[in-house]
Amino acid sequence: MDRNPFEVEAPSMDAAVAGMPSCPPPHREPSWRDLDRVIQAALGHMSGGVSPISLYLDCMDWAMHLAISPGKQTTLLRAALRPDAVGADLRLGRSPYLKDPRFKHPGWTHWPYSAYMAAFQRMEACWAAATTEVSGVTPRHQSVVSFLGRQMLDTLSPSNVWFANPEVMEAVQQTHGQCLVRGMIRMQADARDLAAGRAPGTSESKATGLRVGLDLAITPGSVVYSNKIMELIRYTPQTPHVHPEPVLIVPSWLLKYYILDLSPRNSLVRYLVESGHTVYMISWKNPREESKDWGLDTYLEEGLRAALHHTSHEMDGNPVHAVGYCLGGTLLAVGAAALARKHARRPLLKSMTLLAAQTDFSEPGELGLFTSSSGVSFLDALMWQQGFLGGKQLAGVFQLLNSRDLIWSRMTHEYLLGRDLPMTDLMAWNADTTRLPYRLHSDVLHNMYLENNLAGGRLCVAGERVALADIQVPMMVVATEKDHISPWRSVHKIHLLTHGELGFVLCSGGHNVGIINPPGQPKRYFRWKTRSPGGAYVSPDEWVERAKLEEGSWWPHWQGWLARHSGAKAPAPPYPAAKTLGEAPGTYVLEH
């Protein structure tokens, strides 16, 4: 039987005296907690899982401090009355609204549309100034109020009003109003989708034609291991010779794994197998009510640990290049830290790569706005009652974080211009939502976003604390410039938590497009810099100044790094069909 690398041996007296880090016993919740959760879950259903108490306190903190700031009020009033004073008085510098893609049509430069645009941009600028640099307000509260204001202001954008948008007016004239008729039909179809519990745009009137296993996730492979929470896929080598060390990819459990194996042109998996690597992939099961108690320890033990052992065993015991994407990268970092404390004679890890993955959650970006103590309490109660967090609930959060692109831009194109946006592989994947087990999501919210226990060395695995500083294997960390889920400056904090070899890559694009960045795409670039073991810390701004800038995709750079940390290629070993449980993409990814 394989030894459990996360298993805790009874500490000796010498170890106890030496101060071996240990964890307190699990907290037992009082019986009256269930009654509180019933009430909070009922309120959570009405508020979409958001704590109204938290929002009230955030807004009151800002409003009361602004009320006793006459200097700030005077500045805001003067700027609002003098359009030419917005930039100077509000000290906005280079306004982000000047390059707003909503106003890129040439018609916005002509009156009266230019007046509509200018008034709206002035209103946005005033609100941005009103919610920053208010003395005494907690920074998080300022960010929440600013975020809420942006969401409300976006509803008032002239680009969303048919008679105030020159592009829409032009389309109305050219189609004799038929664009608005088509948009109304599309709106009715989306309303039916929502009423039926589907994502908007997935009705029969707009069939995507992109199916998992036929159009998406089609890199050849087989399922070689399965348990209650995951299937392990091994992809068929595409070269006669391969490196001896396999690559194991740990995707996030937030959405389906095939973000890394989309269409053949956009598949990181295909790129790796065609470069001489043997690739394995975890495919998480889509959980339901019976999976309520699957927690972080479950995903570490029966997910990461099981996949690492099986992958290494199939490849003659060779250590593994482990790759984690988003929260899958966070899970990998936790598991690697736990493994590092065991001092195994045959290490399971050869290297570790984190893709858009945070390990320090002290500055998690706008996603952190939803994770106050009150907010987590309400969401906990809602998930406790349901047994999971639904895909629609999770998708709604991510749409709010990028509402201009995911909500308003789509509505303008489809409802006002009457144009169906062409369905892409990435859009089809984004609509394929999953559920999250109550215990896992609660563990992550509390340990990472709320208490930042991983970065603080307080996170416990199997009763023992883990520290990222214990990780000694070479690391490559990839971040993206426009990431609203894992902001790159937050990802960069891993420089403060580890001391070994660390290559850091900052590429163009956002959380998904920046990672799914195959060679040959125009206008792509990345920066990179490697820190030697024990090297000095470099702040994010200094890092950007010192890093090397290269055009194109970061994939070849990373693949070269993997090759340098791998053994010489040898003939690809045969894989007998008797060891497989079925063909890729498996069955878990097809569950809804």
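**Exercise 1. The second largest pocket**

Determine how much space lies in the second largest pocket of this predicted model, and describe which residues line that pocket.

*Solution.*
Step 1. Begin with the volume: about 1000 Å³ of space lies in the second largest pocket.
Step 2. Turn to the lining, which consists of 34 residues. Those nearest the centre of the pocket are His27, Glu29, Arg439, Asp443 and Asn447.
Step 3. Assign the lining to secondary structure elements. Two or more residues each are given by α2 (33–47), α11 (296–314), α13 (373–386), α17 (438–450) and β10 (460–461). Helix α17 provides the largest share, namely seven residues.
Step 4. Sort the lining of this pocket by class: 13 residues are nonpolar, 11 are polar and 10 are charged.

**Exercise 2. The largest cavity**

State how many cavities of 30 Å³ or more the structure holds, and characterise the largest cavity.

*Solution.*
Step 1. The structure holds three cavities of 30 Å³ or more.
Step 2. In the largest cavity there is about 90 Å³ of space.
Step 3. Its lining is formed by 14 residues, and Trp253, Leu255, Trp284, Lys285 and Thr434 lie nearest the centre.
Step 4. By class, eight residues of this lining are nonpolar, three are polar and three are charged.

**Exercise 3. The setting of Thr298**

Decide whether Thr298 is buried or exposed, and list its contacts beyond four places in sequence.

*Solution.*
Step 1. Locate the residue: Thr298 belongs to helix α11.
Step 2. Compare its accessibility with the cut-off. Thr298 has a relative accessible area of 15%, and buried means under 20%; therefore Thr298 is classed as buried.
Step 3. Setting aside neighbours within four places in sequence, Thr298 is in contact with Lys228, Ile229, Asp293 and Gly303.

**Exercise 4. An annotated domain**

Give the residues at which UniProt places a domain feature, and describe the span 33–72.

*Solution.*
Step 1. An unreviewed UniProt entry places the feature "domain: Poly-beta-hydroxybutyrate polymerase N-terminal" at residues 33–72 and 99–272.
Step 2. Residues 33–72 are 85% helix and 0% strand.
Step 3. The end C-alpha atoms of this span lie 44 Å apart.

**Exercise 5. Confidence along the chain**

Report the average pLDDT of the protein chain, and identify spans where pLDDT stays under 50.

*Solution.*
Step 1. The chain has an average pLDDT of 84, and 88% of the residues score at least 70.
Step 2. Over residues 1–20, pLDDT stays under 50; the model has 26 contacts beyond four places in sequence for this span.
Step 3. Over residues 85–98, pLDDT also stays under 50, and the corresponding number of contacts is 27.

Note on methods. Residues numbered from 1 in each chain as written. Predicted model: local features only at pLDDT ≥ 70, side-chain atom pairs only at ≥ 80, totals over all residues. Heavy atoms only, no water. 1 Å grid on protein atoms, 1.4 Å probe; cavity = no way out; pocket = protein on both sides within 12 Å on 5 of 7 lines; lining within 4 Å. Points joined across faces, edges and corners; volume = space filled by probe spheres on them. Helix = DSSP H or I, 4+ residues; strand = E, 2+ residues; numbered from the N terminus. Nonpolar A, V, L, I, M, F, W, Y, C, P; charged D, E, K, R; others polar. pLDDT = per-residue confidence, 0-100. Contact = heavy atoms within 4.5 Å. Buried < 20%, exposed > 50% of the residue type's maximum accessible area, 1.4 Å probe, protein only. UniProt positions renumbered as here; feature names shortened; annotations may be inferred.
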